[in-house]
Amino acid sequence: MVNTPNIQFLNRTTPPHVSTLVLISGLAALAMNIFLPSLPGMTTYFRTDYRVMQLSVAIYLGVNAVVQILIGPISDKFGRRPVLLWGIVLFLVATLGCILAPNVEVFLFFRMAQAVISVAMVLSRAAVRDMYPQDKAASMIGYVTMGMAIVPMIGPAIGGALDEVFGWKANFWMLMLLGIICLWLVWADLGETACESARTLREQFGEYPELLKSPRFWGYAMAAAFNSGAFFAYLGGAPFVGTEVFGLSASQLGIFFGAPAIGYILGNFLAGRYSIKFGLNRMVLWGCLINVIGTAMSLCIFIFGFGTVYFFFGFTVFVGIGNGMTIPNATSGMLSVRPHLAGTAAGLGGALMIGGGAMLSALAGSLLAPGTGALPLLLLMFTTSAFGVIFILFVLWRQRQLTQF
């Protein structure tokens, strides 16, 4: 595609408008967290325990990772548009299954199937890289994910309120409605952005070794994965900390839970505004440092016994800022290592990030029990964010090596 693509809103013969990419990405993010304030109530409804119900987060993220590995090569072969349309249709079927589930086993199966909506998160970013060069793509991805962050910021608050008034199923009915709207929007506005591939699907999957042999791809991917790991650990542990440690209601938890998204919006704004000026490597490094500093400060406060609900959730704003600066820039870096494999890189990089997030989310849930307080979660968040700094420093070292030749 040219650097300044001709975009006409609601014209499916031209590349998609940024608002379409924002909304479909927002649906994918909302599906991840809107029902989290309802987890304690859903535990009671399905007559199970919290650790089983918390699998609705961990299993979702795990399947999400697998889907992203498959979606990249498939979309490079068949195009972004048809894969997105089918993904949203399957998401609607899975959401209806969650609503009608008679027991926790059936619910977890359909919750697992809901992860197909990850196509929206992966391909919205791949479409941006299709349309723009590296630094401009980082800026545009920043704006797309900044808009995406608005929805999950208010999602838990709305989900908590819906739960208290109508019950937990109202959250999934909202996802159904929004999914139908996004399906129409993709059909009406999203023109194909990927260049036609002459390779067979088997050959597309065969391109993975080319990425796996790239040190810079691994550096960007692991920096994004570990930096976002603090947030995914938060997803798995914060509902327990909020309700069991601080005694918050579902609606109160929903309000506090959106704190990282406030920072995420700011971080995405900074990425969109300054990525071209300072370069994506510096933005990733600064984002990782902000993340590790924020989690370290929170951990210290709780170690010395001054922890409160406001400190716990307040310092997660730094996690959001760090992720907002890091993810769009690291994503653009991943997709630019091998531009002809943008969809494959987006899928593999997203799988590493989400798959790691699934494990961290499950680990956070297993570490927390009555009497542990918030310290195990905060220690996990600090550790994973510190590894993010290490990997972006590796990218900078590798970049200096390449410029010497």
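Student: Which helix gives the most to the nonpolar patch?

Tutor: Helix H15 (residues 280-303) does, with four residues; a helix here is a DSSP run of H or I, at least four residues, numbered from the N terminus. The model is predicted, so local features need pLDDT of at least 70 and side-chain atom pairs pLDDT 80 or more, while totals for chains, interfaces and linings use all residues. Residues are numbered from 1 along each chain as its sequence is written, and side-chain values use heavy atoms, without hydrogens and water.

Student: What makes the nonpolar surface patch?

Tutor: Phe-278, Trp-286, Leu-289, Ile-293 and Met-297 make it, over about 420 Å². Patch residues have over 30% relative accessible area and no salt bridge, and nonpolar side chains (Val, Leu, Ile, Met, Phe, Trp, Tyr) are joined within 5 Å. Accessible areas come from the Shrake-Rupley method with a 1.4 Å probe; a salt bridge is a side-chain nitrogen of Lys or Arg within 4 Å of a carboxyl oxygen of Asp or Glu. Phe-278 lies in helix H14 (residues 259-278).

Student: Why is the crossing of H4 and H6 called right-handed?

Tutor: The term applies because the near helix is turned clockwise from the far one by less than a right angle. The axes of H4 (residues 55-78) and H6 (residues 104-113) cross at roughly 35° and come within 8 Å, and their crossing is right-handed.

Student: What makes the contact between H4 and H6?

Tutor: Contact means heavy atoms within 4.5 Å; Leu-55, Ser-56, Ile-59, Tyr-60 and Val-63 of H4 meet Phe-107, Leu-108, Arg-111 and Met-112 of H6.

Notes: Axes fitted to C-alpha atoms, helices over the stretch in contact; angles between N-to-C directions. Helix = DSSP H or I, 4+ residues; strand = E, 2+ residues; numbered from the N terminus. Patch = residues over 30% accessible without salt bridge, like charges linked within 9 Å, V, L, I, M, F, W, Y side chains within 5 Å.
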